[in-house]
Amino acid sequence: MSIELVGVVGAGTMGHGIAQVFAVAGFDVVLRDVTVELARKGRDSIAADFGRLVAKGVMDAEGTAAALARVRATADLAELAAVDLAIEAATENPVIKRALFTELDATVKAGAILATNTSSISVTMIAAATSRPDAVIGMHFMNPVPAMNLVEIIRALQTSDATYEAVRALAETIGKVPVSAADFPGFISNRVLLPMINEAVYCLFEGVGTAEDIDKVMKLGMNHPLGPLALADLIGLDVCLDILNVLFESFRDSKYRACPLLVKMVEAGYLGRKSGRGFYAYGHRGP
Ligand SMILES: NC(=O)c1ccc[n+]([C@@H]2O[C@H](COP(=O)([O-])OP(=O)(O)OC[C@H]3O[C@@H](n4cnc5c(N)ncnc54)[C@H](O)[C@@H]3O)[C@@H](O)[C@H]2O)c1
């Protein structure tokens, strides 16, 4: 099927980035969140990013204005009825995702594809919450979406070849590199990444090193562009905790047990960049 109109559900860190990438690639996008203020905040984040790209000379003002005009912010689920593809980027919680997919299935036109950007939750379980499980798939973008080339494509047990092929080709159309991962908790990316981040938090918790030194070791010693604690702040500490909890509960293996310090920081509302404080403090100019 040809995909022209794209719905993005959840206008947070990932949702606004996904909407941005599709709009730049020429697609019309409906960006939906639970309130119109949150949806507009997502659209404003796209505008702010476009402003930075224009200032750097990466994009021109006309191109970004045209792309922004293609993004409609709404809280009205009914506005998703006509989309050819809906990509869900809402909170990483299995109960929310299942309810949302049942709702999307009842709203979005027949034949449309429903994709989830989940980091760790079973796509097979999400697909089973719909009447079109063959048209449900995982499309796992990386953060920040406009800058990162990878998209993990996750086939649910029920996903049809046609859905897989359409989404794989679409990922290439928007300039991303699709990599196929099986539907196991955390897929490839977070199965490898989150235990590393968690271990870095344990190192801080146990006083093995300061946050700066832990990150410095991984940057200078392992050539990582960002240290694991700075990366956790970028991802969102709540999102990291949610993913670890899914890994822990799915595999029932204590190696995925979230560090108590991570749990405390989320309880305190120290969520990283998006709340202004995580392992580092953030002002308008960054850490
Ligand atoms: N943050 C990352 O680095 C990252 C990377 C890859 C994938 N993901 C995944 O992307 C998804 C979103 O993560 P995020 O970091 O953008 O979270 P976020 O907290 O920044 O944004 C989530 C948004 O979803 C909205 N939302 C919640 N329920 C909704 C509903 N029923 N309908 C519409 N909107 C709803 C919230 O209001 C919020 O604005 C999660 O599944 C997460 O695991 C995150």
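1. Let's start with a definition: a disulfide is a pair of cysteine sulfur atoms within 2.5 Å. Keep that cut-off in mind as you look at this model, which is predicted.

2. How many disulfides does the structure hold? The count is zero. Take Cys240 as an example: its sulfur is 12 Å from the closest cysteine sulfur, the one in Cys259, and that is too far for a bond. Cys259 is in no disulfide either, since the nearest cysteine sulfur to it, in Cys203, is 9.4 Å away, whereas a disulfide needs two such atoms within 2.5 Å.

3. Are these two cysteines buried or exposed? Cys240 counts as buried because its relative accessibility is 0%. Cys259 also has 0% relative accessibility, so this residue counts as buried too. The cut-off to remember here is that buried means under 20%.

4. A polar atom in the side chain of Asn198 lies 2.9 Å from the backbone nitrogen of Cys259. Asn198 itself is part of helix H7, which covers residues 189-205. With a relative accessibility of 2%, Asn198 counts as buried.

5. Now turn to the ligand. Which residues are closest to it? Of the 24 residues that surround the ligand, the closest are Met14, Asp33, Glu92, Lys97 and Ser119. By type, the shell divides into ten nonpolar, nine polar and five charged residues.

6. In Ser119, an N or O atom of the side chain is 2.5 Å from an oxygen atom of the ligand. For Asn117, the distance between a side-chain N or O atom and a ligand oxygen is 2.9 Å. Arg32 places a polar side-chain atom 3.0 Å from a nitrogen atom of the ligand.

7. How much of the ligand does the protein cover? On its own, the ligand has 830 Å² of accessible area, and the protein covers 87% of that. The elements that give two or more residues to the shell are helix H1 (13-24), helix H4 (94-107) and strand S6 (136-141).

8. Finally, look at where the shell sits relative to the domains. Domain 1 (5-181) and domain 2 (192-275) each supply at least three residues to the shell around the ligand.

Terms used
Residues are numbered from 1 along each chain as its sequence is written. This is a predicted model: local features need pLDDT of at least 70, side-chain atom pairs count only at pLDDT 80 or more; totals for chains, interfaces and linings use all residues. Side-chain values use heavy atoms; hydrogens and water are left out. Buried means under 20% relative accessible area, exposed over 50%, partly exposed in between (1.4 Å probe, protein chains only). A residue is near a molecule or strand if one of its heavy atoms lies within 4 Å of it. A polar contact is a pair of N or O atoms within 3.5 Å; within protein, one must be able to donate a hydrogen and the other to accept it, and residues adjacent in sequence count only if both atoms are side-chain atoms. Accessible areas come from the Shrake-Rupley method with a 1.4 Å probe; for residues, only the protein chains shown count as cover. Helices (H or I, at least four residues) and strands (E, at least two) are DSSP runs, numbered from the N terminus. Ala, Val, Leu, Ile, Met, Phe, Trp, Tyr, Cys and Pro count as nonpolar, Asp, Glu, Lys and Arg as charged, and the others, Gly among them, as polar. Domain bounds come from an automatic or database domain assignment.
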